[in-house]
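Take a moment to look over the fold before reading on. This report walks through the sheet, the helices and a few single residues.

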Amino acid sequence: MTASECPPEEIRRIAALCTTKWHRDYTRIKLRTDPAYAAVLREVSGTSLPLLDIGCGIGLLAMYLRGAGFDADVTGFDYDTGKIEAAKLMAQRSGFSGLHYAAGDARHEMPAFSGHVVILDILQFFTSAEQDALLALAASRVATGGRLIIRSGLRESTWRHRVTIMGDWLAKLTFWMKAAPVCYPTREQFERVLSANGLRVRIEPLWGRTPFNNYLIVAERQA
Ligand SMILES: C[S@@+](CC[C@H](N)C(=O)[O-])C[C@H]1O[C@@H](n2cnc3c(N)ncnc32)[C@H](O)[C@@H]1O
């Protein structure tokens, strides 16, 4: 059975799998405080479709889902080979099965796949045209009954949007991210591109206790 969230003792165990203190602290804080992971869990809970995580970083979503009892296969995909290696190592040490990782640039390729697709916090690194292409490619990987689940900032005239831009630049300047933010997508863009690809779209704020202008975009391929 899938729990509604990953229990604190499991988060502590997952964080202890990291090879560096920086990754350990980052993992513990992210898994405890970032509302995106529990939001994805809610959207896929009770289903058995596999899940593709585009821009998976060090694979925290997969760890969170397994820690909460989600047992379908999860494939993580990221162009940062260092993060993919760290994710593989954590997966090996965790004892969890059915976790797969592949390195590649989502602007040019994506693993063959059919199931749920997740994109957390990467669209801002793409131009508007690249975002449209990535959304269409991701939509093509969503199975009937599956969902494309996205967390993204939206381009809006709000203080939250300005704080989001500063946060992304900070990540770049501290070398946590290889890329600087390029363009933030709009609400209209998600609705236009995803509906054109046969998905039914809903968009809701996902601010949690953060100051960031984040939204949860869920696009479903109905039977
Ligand atoms: C802000 S991090 C989010 C990590 C992960 N989704 C999470 O929420 O824990 C963005 C990730 O996207 C990856 N990324 C950025 N551009 C990419 C691209 N063109 N192809 C694949 N991955 C990319 C980065 O390497 C980074 O790991």
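In which sense do E1 and E2 pair, and over how many bridges? They pair in the parallel sense, over 4 bridges.

## Ground rules

This is a predicted model: local features need pLDDT of at least 70, side-chain atom pairs count only at pLDDT 80 or more, and totals for chains, interfaces and linings use all residues. Residues are numbered from 1 along each chain as its sequence is written.

Helices (H or I, at least four residues) and strands (E, at least two) are DSSP runs, numbered from the N terminus.

## The sheet

An open sheet is formed by 7 strands. Their order is E3-E2-E1-E4-E5-E7-E6, and the pairing is mixed. Strands E3 (99-103) and E6 (200-205) stand at the edges. Each has a single partner strand, so one side of each is left without a neighbour in the sheet. Two strands pair if DSSP finds at least two bridges between them. From one strand to the next, the twist averages 15 degrees.

Now for some pairings. In E2, phenylalanine 77 is the bridge partner of isoleucine 54. Strands E4 (residues 116-120) and E5 (residues 147-153) run parallel, joined by 4 bridges. There, valine 117 has leucine 148 of E5 as its bridge partner.

Which way do the residues of E1 point? Leu51 and Asp53 point one way, and Leu52 and Ile54 the other way. All of these are buried. A residue is buried if 20 or more other C-beta atoms lie within 10 Å of its own, exposed if 12 or fewer, and partly exposed in between; C-beta atoms are placed from the backbone.

## Helices on the sheet

Helix H4 (residues 60-67) is mostly covered, with 8 of its 8 residues buried. Among them are Leu60, Met63, Tyr64 and Arg66. Just after H4, glycine 69 takes a positive phi of about 100 degrees.

## Helix against helix

Two packed helices are described by the angle between their axes and the distance between the axes. Axes are lines fitted to C-alpha atoms, for helices over the stretch in contact, and angles run from 0 to 180 degrees between N-to-C directions. Angles under 35 degrees count as roughly parallel, over 145 as roughly antiparallel, 65 to 115 as roughly perpendicular and the rest as oblique. A crossing is left-handed if the near helix is turned anticlockwise from the far one by less than a right angle, and right-handed if clockwise. Two residues are in contact if their C-beta atoms, placed from the backbone, lie within 7 Å. For residue classes, Ala, Val, Leu, Ile, Met, Phe, Trp, Tyr, Cys and Pro count as nonpolar, Asp, Glu, Lys and Arg as charged, and the others, Gly among them, as polar.

Start with helix H1 (residues 8-15) and helix H2 (residues 21-33). They pack at an angle of about 155 degrees, with axes 8 Å apart. That makes H1 roughly antiparallel to H2. Their crossing is right-handed. Ile11, Ile14 and Ala15 of H1 meet Arg24, Thr27, Arg28, Leu31 and Arg32 of H2. By class, this contact of H1 with H2 has 4 nonpolar, 1 polar and 3 charged residues.Next come helix H3 (residues 35-44) and H4, packed at an angle of about 55 degrees with their axes 10 Å apart. That makes H3 oblique to H4. H3 passes H4 in a right-handed crossing. From H3, the contact uses Tyr37, Val40 and Leu41. From H4, it uses Leu60, Leu61, Tyr64 and Leu65. What classes make up the contact of H3 with H4? Its residues divide into 7 nonpolar, no polar and no charged.

## Single residues

Aspartate 121 sits in the loop between E4 and helix H6 (128-140). Its phi is near 65 degrees, a positive value in a residue other than glycine. Is aspartate 121 buried or exposed? Aspartate 121 counts as buried because it has 21 C-beta neighbours inside 10 Å.

Glycine 198 lies in the loop between helix H8 (187-196) and E6. With 14 C-beta neighbours inside 10 Å, glycine 198 counts as partly exposed. Glycine 198 and alanine 106 are 92 residues apart along the chain, and their C-alpha atoms are separated by 21 Å.

Tryptophan 169 belongs to helix H7 (residues 159-173). Tryptophan 169 has 13 other C-beta atoms within 10 Å, so this residue is partly exposed. Tryptophan 169 touches Ala180 and Pro181, not counting residues up to four places away in sequence. Phenylalanine 113 is 56 residues from tryptophan 169 in sequence and 32 Å away in space, C-alpha to C-alpha.
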